[in-house]
Amino acid sequence: MSVGVQGLYHPHTTMDISAVNALPYEDFVNIFGNVVEKCPIITAAVWSMRPFASLSALEAAISEFIDALPESGKEGILRCHPDLASRDLHGGTLTRESREEQARAGLDALSSAEASRMAQLNVEYKERFKFPFVICARMNDKANILRQLSERCGNERAAERARGIEEVKKICRLRLQGLVLTDAPNKL
């Protein structure tokens, strides 16, 4: 029995790895298509690697796909991410996942000074690197995000691209954990 997006699947329901492996292509892409922000092509590519032995194996398949991309492909992934605390957050144009993650970090409740500083740093960062600043908001609060954004503006492009991809993988891991039951020991 498949878990259809329109049928039994609910966005806040977790499934075990056997249910993940049983998903038809379309359902798999619909459910996991945003574990890497706005990059369902990654999910589409790893679907053919099923069956996954565990949640960790699914995560590893996605990470390996990302690592195998040329640098331009990695920058493309980074460009799919929204600016943090931008008007998209309040305008309702973010993905559900990004909106929830930014709100959890307090980015929807910045003071006017914090919002102004965040906007200024976002512009500086994008002008320098040609992709937006990416950080795993769920693992940080607004003060730490602002501090890191300021500090990371001084990095070299290659180092910042690599750092951004590591943050993408953290975001992906947490999003996967919200969808798939954590690996349980095999029962004999």
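Q: How many helices and strands does the protein chain have?
A: The protein chain has 10 helices and 0 strands. Both are DSSP runs numbered from the N terminus: H or I over at least four residues for helices, E over at least two for strands. This is a predicted model, where local features need pLDDT of at least 70, side-chain atom pairs count only at pLDDT 80 or more, and totals for chains, interfaces and linings use all residues. Residues are numbered from 1 along each chain as its sequence is written, and side-chain values use heavy atoms, with hydrogens and water left out.

Q: Which domains does the assignment give?
A: Domain 1 covers 2-75 + 176-182, and domain 2 covers 81-170. Such bounds come from an automatic or database domain assignment. The domain centres, taken over C-alpha atoms, are separated by 24 Å.

Q: How much area do domain 1 and domain 2 bury between them?
A: About 1200 Å², with 52% of it on carbon and sulfur atoms. Buried area is the accessible area (1.4 Å probe) that two parts lose on being put together, summed over both.

Q: Which residues in domain 1 lose the most area to domain 2?
A: N34, E37 and E75, which together make up 46% of what that side buries.

Q: How many residues are in contact?
A: 12 residues of domain 1 touch 13 residues of domain 2. Contact means heavy atoms within 4.5 Å.

Q: How many salt bridges are there between the domains?
A: The count is 4 between domain 1 and domain 2. A salt bridge is a side-chain nitrogen of Lys or Arg within 4 Å of a carboxyl oxygen of Asp or Glu. K169 and D67 form a salt bridge through their side chains, at 2.5 Å, N to O.

Q: Which helices supply the side of domain 1 that touches domain 2?
A: α4 (55-68) and α5 (71-79) each supply at least two residues of it.

Q: Switching to the backbone: where is the cis peptide bond?
A: It joins R50 and P51, with omega about 0°. P51 lies in the loop between α3 (40-47) and α4.

Q: What is phi of K38?
A: Near 55°, a positive value in a residue other than glycine. K38 is in the loop between α2 (25-32) and α3.
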